[in-house]
Number of protein chains: 2
Amino acid sequence: MPQTIERHALVAGGAGFIGAHLVRDLLSRGFKVTVWDNMRTGREKNLAELGNTIDFQKRDIRNSTVEDAAGLKNGRITHIFNLACPASPPHYQKDPIYTWETSVLGTRNLLHIAEAQEALFLHASTSEVYGDPQVHPQSEDYWGNVNPVGLRSCYDEGKRAAETLCADFRRFKNVDARLFRIFNTYGEFMHPDDGRVISNFCVAALKKEPIPIYGDGSQTRSFCYVADLVAGILALSDLPRERYSGPINLGNPHEFSIRELVQVLERVTGQKLITKNLPLPADDPKVRKPVIDRARDALNWEPKIELEAGLKKTLAYFALEIEGVK
Amino acid sequence: MPQTIERHALVAGGAGFIGAHLVRDLLSRGFKVTVWDNMRTGREKNLAELGNTIDFQKRDIRNSTVEDAAGLKNGRITHIFNLACPASPPHYQKDPIYTWETSVLGTRNLLHIAEAQEALFLHASTSEVYGDPQVHPQSEDYWGNVNPVGLRSCYDEGKRAAETLCADFRRFKNVDARLFRIFNTYGEFMHPDDGRVISNFCVAALKKEPIPIYGDGSQTRSFCYVADLVAGILALSDLPRERYSGPINLGNPHEFSIRELVQVLERVTGQKLITKNLPLPADDPKVRKPVIDRARDALNWEPKIELEAGLKKTLAYFALEIEGVK
């Protein structure tokens, strides 16, 4: 009988939106889980009910060292999931230097830990590496169109530089670093003031406020329900090492314009919604839609949950969140 | 009579090719000069004749701190010139993680020093931020075409991420950080095994070896003589703060194909040169030529030295270098 290898995941950013889901799915798969989160955008309530089933440590990856990871309660780390970085424009633009440092220094520090512990390294990159794309839809071999010195650059370029270092640790340091590029994702545990379109729309609808539309609403997004995304991340972590061949888009290729999103939300809420128009922020991408052939082929993965179904659950979650605030 | 302000420049990478010129020009302008160089691509002989006229410190900017810069012999730093990073493909691809860390961590550390000392920060970026450009020639508002996970990415993306941080320190930390993007530059103090086309060609011609041509030699480069470049850097450092409006290309817009370069070198050497063809490296840019309108307007700068004149001086320098090796 083969010896059971104990699996221990370090989830950086585990108290954030996606982290909160990933941690739960890892526990249910029998992983031991350590969470590092500095709690700047992560939230205590996202993990509260898990109690001592996880080893939670308030820690900032910008200055984490190989030594910090050496004596963990759960033993040697077999998997590192790097989800630590503010990801919504209002959050990541609030303190751009912090955002850059989290993405760049943080990833560098975690890669050194992965090397020291011989851990599999799963890195959350983003569709923002494609910038304001001139190719549509975006496949992984598109190099992107990113302003290096703009207001979004702290996130976009920080994430690109983090990808580069992951690729070089893979090539030159024998670290099994794998990149996934997350497209727009939504669901339970989102921050109510996340500032992106789904949370903005749900919160406004629930508060009976006008739905804010930036620009003319013709810009498109593809929305992936978080359970689908996390299934993709876990499928990537299960992939045999030799079958990984570069960054993998994880997102829902079903494209909606912002105006269409309003219509879906009207069906979900059963209400006619009032909208208000706001100016389009600088460098806001006009289109964004993943090609997911690589994920289909390599991971046998594709999103299963349609927007209307996912939005129902998300709206119910936000209703409770807003209730709690009252 | 206004009080004379003592000017003290910290030149990171001061023992390298461009640094060696900049240090001399700063001294002749009355600056006190401190050089930090870890001597991985910098060379002792580049600064040897300067002796104690400079404060040379063997130091690596990847782990330099605000404290390291606090008690320098020359006092408070008024100017930081960040030239520290291997810049030729063979050098920067030799240890990609080192290259990335020098560009990214090094720039971050120096920016914190600039903030602490209220120093003007002049950062050497590169035409490589344009990658394999789809727009020709390249002006500063072109966002580039860079592979985030390729063999050149350690340099290209490292430099892009460094630009981003400079721009954000300017916007959010009140650091007067200025970016210049260096296009192909050549001249005395180049490393004989620099690996780029001018040194390759000069060294091969002097050794009576075949001139190596990558690909079919139709790819173009624009070559700037180093004295022109350094004049541009110093003009940028003299610019009133409010007149800086973003990255500035510094390069020679006179474009040559690699085959034309061979012809110029034949005129300079007075010899018919034999060539040999080699495969084009991955991600090698096919064209590269700066638009320098911004430098012309803001700095009243443009290159003055034509390729044939610059190549004469450079060939004479390499002749002595090769003599010394014998």
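Me: Which strands make up the open sheet of chain B, and in what order? Which elements of chain B give two or more residues to the side that touches chain A?

Reply: The model is a predicted one. In chain B, an open sheet of 7 strands runs in the order 3-2-1-4-5-6-11, with parallel pairing. Its edges are strand 3 (55-58) and strand 11 (248-250) of chain B; each has a single partner strand, so one side of each has no neighbour in the sheet. On average, neighbouring strands are turned by 20° against each other, direction ignored.

One pair can be followed in detail. Strand 1 (residues 8-12) and strand 2 (residues 32-37) of chain B pair in the parallel sense over 5 bridges. Within this pair, B:Ala9 stands opposite B:Val33 of strand 2. Helix 4 of chain B packs on the sheet, where it touches strand 1, strand 4 (79-82), strand 5 and strand 6 of chain B. The direction of helix 4 makes about 175° with that of strand 4 of chain B. Helix 5 of chain B lies across strand 5 and strand 6, running at about 155° to strand 5 of chain B.

The residue B:Ile80 gives a view of what lies between these elements. Leaving aside neighbours within four places in sequence, B:Ile80 is in contact with B:Leu10, B:Leu110, B:Ile113, B:Ala114, B:Ala119, B:Phe121 and B:Leu122. The largest nonpolar core has 176 residues, and B:Ile80 is among those with the most contacts inside it, as are B:Val11, B:Phe121, A:Val11, A:Ile80 and A:Phe121. In soluble globular proteins, nonpolar side chains tend to be buried together.

Next comes the contact with the other chain. It takes 27 residues from chain B and 27 residues from chain A. On the side of chain B that touches chain A, the elements giving two or more residues are helix 4 (96-117) and helix 5 of chain B. Helix 5 of chain B provides the largest share, 13 residues. By type, this side of chain B divides into 16 nonpolar, 6 polar and 5 charged residues.

A rotation of 180° with 0.0 Å of shift along its axis superposes chain B on chain A, with an RMSD of 0.0 Å. The two copies are therefore related as by a two-fold rotation axis. B:Ala161 is the residue of chain B that comes closest to this axis, at 3.1 Å for its C-alpha. Of the interface residues of chain B, 100% are also interface residues in chain A, so the copies meet through the same surface.

Most residues other than glycine have a negative phi, and most peptide bonds are trans. The peptide bond from B:His136 to B:Pro137 is cis, with omega near -5°. B:Pro137 sits in the loop between strand 5 (120-126) and helix 5 (153-172) of chain B. In chain A, the bond from A:His136 to A:Pro137 is also cis, with omega near -5°.

In the loop between helix 5 and strand 6 (177-182) of chain B lies B:Asn174. Its phi is near 60°, a positive value in a residue other than glycine. B:Asn174 is exposed, with 10 other C-beta atoms within 10 Å.

Note on methods: Residues are numbered from 1 along each chain as its sequence is written. Chains are lettered from A and ligands numbered from 1 in the order in which they are written. This is a predicted model: local features need pLDDT of at least 70, side-chain atom pairs count only at pLDDT 80 or more; totals for chains, interfaces and linings use all residues. Helices (H or I, at least four residues) and strands (E, at least two) are DSSP runs, numbered from the N terminus. A residue is buried if 20 or more other C-beta atoms lie within 10 Å of its own, exposed if 12 or fewer, and partly exposed in between; C-beta atoms are placed from the backbone. Two residues are in contact if their C-beta atoms, placed from the backbone, lie within 7 Å. Ala, Val, Leu, Ile, Met, Phe, Trp, Tyr, Cys and Pro count as nonpolar, Asp, Glu, Lys and Arg as charged, and the others, Gly among them, as polar. Copies are superposed by least squares on the C-alpha atoms of residues with pLDDT of at least 70 in both. A nonpolar core is a set of buried Ala, Val, Leu, Ile, Met, Phe, Trp, Tyr and Cys residues joined through C-beta atoms within 7 Å. Two strands pair if DSSP finds at least two bridges between them. Axes are lines fitted to C-alpha atoms, for helices over the stretch in contact, and angles run from 0 to 180 degrees between N-to-C directions.
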